[in-house]
Amino acid sequence: MSNLAILPIIIPLLAGILLAFFPKKLPLVRGLAKLTTILNLAVVTYIFAFVKQNGTLILETGAWKAPFGIIIVADLLAVTLVLTTNIIAVAAAFYAPKSLTDQQETFYFYSFFFLLISGVSGAFLTGDLFNLFVFFEVLLMASYALIVLGGGKAQLRESIKYLLLNLFSSMLFVTAVSFVYSVVGTVNMAQIAERVKDVDQQGILTTVAVLLFFVFATKAAVFPLYYWLPNSYSVPNPVVSALFGALLTKVGIYSILRVFTLIFTHDQGLTHNLFLWLAGLTMIFGVIGALSTNNVKLIIAYNIIPAVGFMLMGIGVFTETSLSGTVYYLVHDMVIKGALFLLIGALVHLAGTSDLRKMGGLIHHYPLLGWLFFLASLVLAGIPPFSGFIGKLLLLQGSLAKEEISIVIVALLSSLLILFSMIRIFIGAFWGEKVEGLPVDKRAARAFTGPIAGLLALSVILGVGAEWFYPAIQSIGEYLMAPELYIDSVLKE
Amino acid sequence: MIKTNDLILRTTTTLIAFILFGFSVYLFFAGHNKPGGGFIGGLMTSAAIVLMYMAYGMESVAKIIPINFRVVIPIGLLIAVGTGVGSFIFGQPFLSQTFAYFQLPILGKTELATALLFDLGVYLTVIGVTMTIILTIAQDRKDETA
């Protein structure tokens with residue numbers, strides 16, 4: 001029993017509800033939003049330290065014993081991801097007032113923002129498959145509202161696609177959960193994992209596993225199911241894009257990671273090989289997308305997809321090193337995608353266009369922003385001292401140990417092309433002749449720079465100080481390879 | 001626009017709306033031991049309010065029930081989350097419920113459970129959401145023609 005585990009869900013939820021009472025009082029709302037995100041970050045940091053010291057925190061809500069009630073499981077993996085989520089929330093809360101118009105802010109932006117954070121934290125922390133579905137819906141509902149906020153024509157068009165696709169995959173999720181329930185008779189993840197071993201007909205479980213993978217792959221934008229992502233992530237406001245890019249697809253990847261390390265480990269020949277194939281294709285097609293366009297927002301949105309491929313590759317290889325690599329890459333990618341979307345938002349705001357061919361010479365006016373973008377490109381591509389490198393190194397080491405040579409080649413090649421697509425933006429937007437008649441707005445640039453620089457600094461620390469973080473990441477890898485630890489801590493046997 | 005004479009509709013509404021309100025409150029309280037509860041009770045109450053809107057028109061009902069339904073949503077949510085957070089004070093896990101028996105004047109020995117408070121939150125949220133949806137769509141049309 002510890003109510004600590006529920007706090008990362010409750011604090012943003014309460015904040016979202018309270019801010020819905022007075023949406024028009026902007027200075028108050030902004031102040032409270034910033035304060036709450038910082039408070040929440042402090043609480044989550046404390047929980048992180050607590051979990052690292054004392055092991056997994058379990059909360060049985062309503063004092064119902066484990067397989068019967070809903071449980072909240074704050075293990076090191078979940079808490080790490082919640083901590084990263086809250087860091088991004090702080091950056092977004094400070095960036096939002098500059099990026100949104102007053103009208104957009106008064107239409108309950110902060111309420112939906114906090115509900116999104118609450119849903120994401122809940123999805124990371126829950127230990128119950130149906131509860132995971134509910135938290136998916138909480139965060140998706142909030143994301144539907146955020147994507148149309150402002151009501152531009154393109155937003156309305158893309159939100160329809162986004163909504164239809166997510167409704168469809170949510171419906172499949174419910175179907176998959178009902179199949180799981182009919183086979184094993186429970187929705188508690190620990191108990192499912194325990195019972196899966198005793199089912200005589202493993203074939204039906206493999207079918208259910210692939211169905212669940214299909215659901216999570218749609219949310220995470222894996223190869224044949226990524227088509228909805230680039231446009232719907234590039235049309236909303238930059239803050240919203242940053243939240244989506246940093247958090248939403250990562251919840252899908254986390255669910256795959258959790259479900260396929262804890263529950264469905266019985267037929268790895270089929271499922272994990274499928275992951276490897278799809279991971280390779282995801283990387284290739286994502287990078288091709290990123291190279292195909294001159295719209296800077298779209299380039300960044302397409303760059304989410306190969307990152308998803310990298311994480312899926314780690315799950316597919318399924319060794320301790322590769323799972324550590326996936327977790328490390330997950331944390332790194334959340335931070336850097338948040339920073340990149342915020343950077344691109346600032347860039348588009350200052351250049352007045354999102355077309356790469358019409359920009360140029362911005363480094364003469366905004367040197368700091370330019371070099372931050374250059375740094376972000378290096379981090380994303382995985383140049384040695386930075387955080388992208390460590391994650392990719394672990395992934396590649398894991399794959400080589402299992403002699404999956406072809407996926408290694410694809411991964412290295414796509415890293416190169418990611419760097420190319422990013423440097424194209426850097427050269428096109430920041431180098432070259434100044435564009436005539438463009439108003440220079442140094443104050444806005446300075447306001448944008450704060451949150452971006454914060455996230456990038458964290459990203460650099462993640463890479464340079466890898467030795468501080470590595471023991472924790474390695475213990476998560478070991479923990480994921482030993483699902484008994486999770487089952488025992490939940491069911492207390 | 002000439003208003004049609006809807007005397008019959010209005011007279012029956014005065015009667016039926018009362019029955020609907022009563023039934024919805026019954027459903028709300030019955031939830032613990034019989035079919036019913038906050039969700040269906042809230043829907044039924046909103047149905048009664050919608051019936052009044054249909055019979056009497058926007059302005060007069062807005063005068064009779066001067067509630068901004070958009071504020072009802074966070075109030076309901078606050079009550080629901082509050083009952084969960086309330087268990088923190090007593091050192092119990094989140095969302096713990098408790099109950100006790102009371103000797104009430106007319107009803108006699110009655111079981112009162114804190115689950116009812118959670119249901120009250122659900123009830124208010126459902127009314128708030130339903131009425132916000134219906135009234136927003138209704139007002140949208142008026143803005144366009146004006």
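Reader: Which residues line the second largest cavity?

Author: The model is predicted. In it, the second largest cavity has a volume of about 50 Å³. Its lining is made up of Y233(A), S234(A), P238(A), S241(A), K297(A), F341(A), I344(A) and G345(A).

Reader: Which element gives the largest share of the lining of the second largest cavity?

Author: Two or more lining residues of the second largest cavity come from each of α10 (229-234), α11 (238-262) and α14 (320-351) of chain A. The largest share is three residues, and the element that supplies them is α14(A).

Reader: How many nonpolar, polar and charged residues are in the lining of the second largest cavity?

Author: Gly is counted as polar and Tyr as nonpolar. G345(A) and Y233(A) both belong to this lining. By class, the residues come to four nonpolar, three polar and one charged.

Reader: What is the volume of the largest cavity?

Author: The whole structure was searched for cavities of 30 Å³ or more, and six were found. The largest cavity has a volume of about 60 Å³.

Reader: Which element gives the most to the lining of the largest cavity?

Author: The lining of the largest cavity consists of F136(A), L139(A), L140(A), Y162(A), N166(A), K219(A), W228(A), Y233(A) and L248(A). At least two of the lining residues come from each of α6 (129-148) and α7 (153-184) of chain A. With three residues, the element that gives the most is α6(A).

Reader: How many nonpolar, polar and charged residues are in the lining of the largest cavity?

Author: Lys counts as charged, and Trp and Leu as nonpolar. The lining includes K219(A), W228(A) and L248(A). By class, it has seven nonpolar, one polar and one charged residues.

Note on methods. Residues are numbered from 1 along each chain as its sequence is written. Chains are lettered from A and ligands numbered from 1 in the order in which they are written. This is a predicted model: local features need pLDDT of at least 70, side-chain atom pairs count only at pLDDT 80 or more; totals for chains, interfaces and linings use all residues. Side-chain values use heavy atoms; hydrogens and water are left out. On a 1 Å grid over the protein atoms alone, a cavity is a set of points where a 1.4 Å probe fits but cannot get out, and a pocket is an open set with protein on both sides within 12 Å along at least five of seven lines; lining residues have an atom within 4 Å of a point. Grid points are joined across faces, edges and corners, and a volume is the space filled by probe spheres set on the points. Helices (H or I, at least four residues) and strands (E, at least two) are DSSP runs, numbered from the N terminus.
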